[in-house]
Amino acid sequence: MTEISTPVRPQSGAVSYILRRSPVAALLVALFLIAALLGPWLAPHSMTDTNLGHALQPPNATYWLGTDALGRDVLSRLLGSAGIAAQAFLIVVLTGGVLGTLFGLVAGGIGGLTDLVLSRVIEILQGFPTVLVAIVIVALLSPSLTNAMIAVGLAAVPDFARVARGVAIQLREREFIQAARGLGMSEMRILASEVLPNMVGPLIIIASFDGAQAIMWEAALSFLGLGVQPPYPSFGSMLREAQNFLAIQPSLAITVGLTVSAIILGLNLLGDGLSDYYDRSDK
Amino acid sequence: MTKPTKTGLAGAAVMNRAQFLKLLGGSAFAAMAGSFGLTTAALAEGGDLVVGISSDIKTLDPQMSPLDVFRHTIRSTVFEALVFINPETLSADPMLADSWQKSDDGLTWTFNLKSGVTWHNGSPFTAADVVYSITRVQDAKVGSPFAPQLTAISKAEAKDDKTVVLTLAHTVPGLLANLAVIQIVNEASIGTITTAPVGTGPFKFANWAPGDRIRVEKYDGHRDPPKVAAIEWRIVPDSQARLAGLQDGSLQMVALVEGKDVIQAQSSAGIEVIQTKPYVLYENFNINTKRAPFDDKRVRQALAFAFDRAAYTKSIWFGFARPTINPVPPEMATYLPGSAEQYPFDLDKAAALLAEAGFSKDRPLTMEILTPTGFDSLKSMALVLQDNLNRIGHKVTVRELEITVWIDRILTKPDYDLTTNNYNTGPEDPASMFNSPNLAPTANVSLWNPPGYADLVGKAAAEIKPEKQVELYQELQKLLLEEMPQITIDHLPLFFLGSEATKSLVIGPSGIDDYKKIAL
């Protein structure tokens with residue numbers, strides 16, 4: 001036992017792989033990140049200021065994507081919505097990711113009765129209907145982005161947990177783990193320092209898919225008035241407002257709809273690309 | 001797809017709509033209607049008038065529904081009052097009463113009832129039912145919101161089966177207008193009025209699936225039977241889905257629509273716009289005057305200055321509404337001249353008044369505006385006021401509530417700062433506005449009843465001499481505009497949309513409509 005064999009970690013950078021294999025994903029996600037991070041600085045107008053005199057304008061030189069029924073600039077509101085969507089992404093991935101990984105890691109790594117109990121808890125969580133849980137949480141507390149997204153984050157826990165558990169079970173009997181055990185490391189330390197780093201790849205893939213889901217849920221809940229509260233913009237509330245003017249100003253609904261679709265498409269393509277990347281480097 | 005235009009809202013609407021329909025071939029409408037549970041099966045039912053409404057009703061009891069916008073559904077069809085206010089003449093036509101006389105001193109009114117009228121359960125309608133209905137509304141234990149309409153009546157008695165005599169404590173010029181909103185109910189079945197109401201109206205109650213639909217069916221025993229077999233109101237909260245329902249024929253009519261719906265309907269063939277006189281309704285903010293800091297009139301006046309009514313009516317109502325700060329429309333003889341233009345939009349003035357009351361950027365006014373779901377224009381109103389106040393440094397939130405929850409929060413157990421609202425102006429009688437839940441001294445949403453107000457309302461309602469009456473009502477308007485318990489925004493007509501056949505709907509000014517003439 002001279003050398004501890006570690007599984008092949010990705011060697012060439014994931015970023016360059018994605019740039020090469022799915023430039024569309026890279027472009028869409030980059031645009032989304034720029035909008036989310038720099039939105040407030042990029043916005044040509046205020047996101048919340050109403051201007052009834054300029055209501056429902058079609059795209060023009062002053063308002064590049066037109067204005068909504070209260071005369072607010074659509075482009076600025078879209079940029080604001082991207083920021084909100086990014087927050088939704090983060091809250092869901094952090095809640096789901098941290099809890100799910102912890103559950104899965106402990107369940108898969110330790111096995112036995114712990115696994116049995118934790119797996120049942122995860123299955124119960126998986127059985128909850130996401131929207132219903134979100135609506136109940138929002139009704140009990142109050143409608144806000146954080147409350148709505150924590151509910152969605154809880155629904156994402158099983159996804160992360162299943163992947164983490166699977167990887168942990170696979171790795172449990174591998175040589176490098178046995179070696180660590182032989183060196184006297186505690187089980188918890190093995191999980192944290194040996195098993196966890198090896199599941200980052202699969203977890204990132206789940207994060208990109210569940211994050212995209214989070215953005216959709218955020219839009220859906222805000223569409224129902226349960227997410228972001230006015231005057232702050234959100235894709236969902238913008239779509240709902242646009243729907244009232246579908247025949248008067250269809251460009252409103254089309255712009256918002258296309259933006260959401262582009263972001264979701266970008267994140268899903270990114271997830272696919274990452275999945276290819278890790279599959280390839282595992283072989 | 002769209003050309004940049006500066007102001008051409010209407011032009012853009014027509015052009016975009018045409019393009020839009022060409023693009024989608026109308027299929028989007030049908031698909032949307034399908035997804036909202038509307039089916040074209042309604043047409044096959046034969047002779048059913050299917051009407052889209054945006055929200056549910058609170059109760060089936062016609063004497064208990066204070067703020068339900070859609071209370072007119074049951075009140076207009078299942079029940080009848082003694083008289084009906086003709087929307088053209090604004091005077092009383094016979095309904096359950098055939099004729100009436102008043103004594104020379106104006107204190108005794110005799111009503112001769114129609115003969116041959118029966119209740120839906122078969123029993124004959126008599127004078128005792130009228131007496132019962134009036135005393136029920138007056139009964140403090142019942143707590144009817146219509147009680148203020150009948151304060152002048154000191155005694156109601158049945159002289160014989162077909163004659164009712166009302167004795168008044170003082171003269172009331174608007175007695176007939178008051179009686180027009182008091183629906184006559186059946187004493188024998190009063191226990192089941194909230195589940196199976198029995199009336200004398202042209203339609204009998206069939207069923208109410210809360211949140212879904214209300215159905216009434218033709219009553220064959222009516223003296224002037226309706227031409228449709230049934231009316232079914234479907235609750236479709238989404239305005240676009242309601243329009244889609246009209247387009248694909250699953251709805252024959254949509255009740256109480258907004259400017260954006262009228263604009264869209266005007267550019268589509270086969271949809272008629274049915275409307276009342278342009279001052280039958282007003283939109284407003286009610287302020288909870290019992291809660292600090294809204295008990296300070298400077299705060300309320302500041303809020304009145306913080307809203308651009310002209311821009312709101314032009315863009316949100318596409319010019320179909322008329323801006324005003326005074327709920328009394330200029331068409332009424334009692335209107336205070338020049339008052340509609342008071343409190344022009346002035347954020348500096350609003351900020352200054354709020355500063356006087358102790359609120360500034362450093363110590364912002366924090367408040368919540370409630371608005372009922374299904375009323376897009378009211379929500380826009382809330383959002384505009386929110387934005388204007390936030391811009392001068394205050395912290396305003398807007399909360400949308402289901403209509404039944406909303407009624408609880410603003411009326412049943414008042415717990416609110418500000419709410420959007422709308423009311424009938426009651427153009428047939430100057431007293432009407434001051435006798436209903438919008439401004440009645442004994443019970444109004446703003447919880448506003450300053451010293452002397454009740455006396456003034458009572459005096460004005462009892463005044464027979466026209467000049468003196470005008471003077472008293474103008475005094476009331478001055479008080480209202482100074483105290484600002486509610487911020488009036490605009491006057492507007494009631495709008496219905498429907499097929500050609502539904503044009504014979506008669507929309508009454510006080511929320512009692514006549515569906516009998518509609519033939520499909």
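Me: At roughly what angle do the axes of helix H5 and helix H6 of chain A cross?

Reply: Two packed helices are described by the angle between their axes and the distance between the axes. This is a predicted model, and in it the axes of H5 (residues 130-140) and H6 (residues 145-172) of chain A cross at roughly 145° and come within 8 Å. The crossing of H5(A) past H6(A) is right-handed.

Me: Which residues of H5(A) and H6(A) meet?

Reply: From H5(A), you have Thr130(A), Val133(A), Ala134(A), Ile137(A) and Val138(A); on the H6(A) side they meet Asn147(A), Ala148(A), Ala151(A), Val152(A) and Ala155(A). Sorted by class, that contact has 8 nonpolar residues, 2 polar ones and no charged ones.

Me: On to the cavities. How many of 30 Å³ or more does the structure hold?

Reply: There are 5. The largest cavity holds about 680 Å³ of space. Its lining has 44 residues, and Arg71(B), Leu281(B), Asn422(B), Tyr423(B) and Asn424(B) are the closest to its centre. Strand E17(B) gives the most to that lining, 4 residues. By class, the lining splits into 24 nonpolar, 13 polar and 7 charged residues.

Me: And what lines the second largest cavity?

Reply: That one has about 270 Å³ of space. It is lined by 23 residues, with Ala69(A), Glu241(A), Asn244(A), Phe245(A) and Ser380(B) nearest its centre. Helices H10 and H11 of chain A each give two or more residues, as does H12 of chain B. H12(B) gives the most, with 5.

Methods:
Residues are numbered from 1 along each chain as its sequence is written. Chains are lettered from A and ligands numbered from 1 in the order in which they are written. This is a predicted model: local features need pLDDT of at least 70, side-chain atom pairs count only at pLDDT 80 or more; totals for chains, interfaces and linings use all residues. Side-chain values use heavy atoms; hydrogens and water are left out. Axes are lines fitted to C-alpha atoms, for helices over the stretch in contact, and angles run from 0 to 180 degrees between N-to-C directions. A crossing is left-handed if the near helix is turned anticlockwise from the far one by less than a right angle, and right-handed if clockwise. Contact means heavy atoms within 4.5 Å. Ala, Val, Leu, Ile, Met, Phe, Trp, Tyr, Cys and Pro count as nonpolar, Asp, Glu, Lys and Arg as charged, and the others, Gly among them, as polar. On a 1 Å grid over the protein atoms alone, a cavity is a set of points where a 1.4 Å probe fits but cannot get out, and a pocket is an open set with protein on both sides within 12 Å along at least five of seven lines; lining residues have an atom within 4 Å of a point. Grid points are joined across faces, edges and corners, and a volume is the space filled by probe spheres set on the points.
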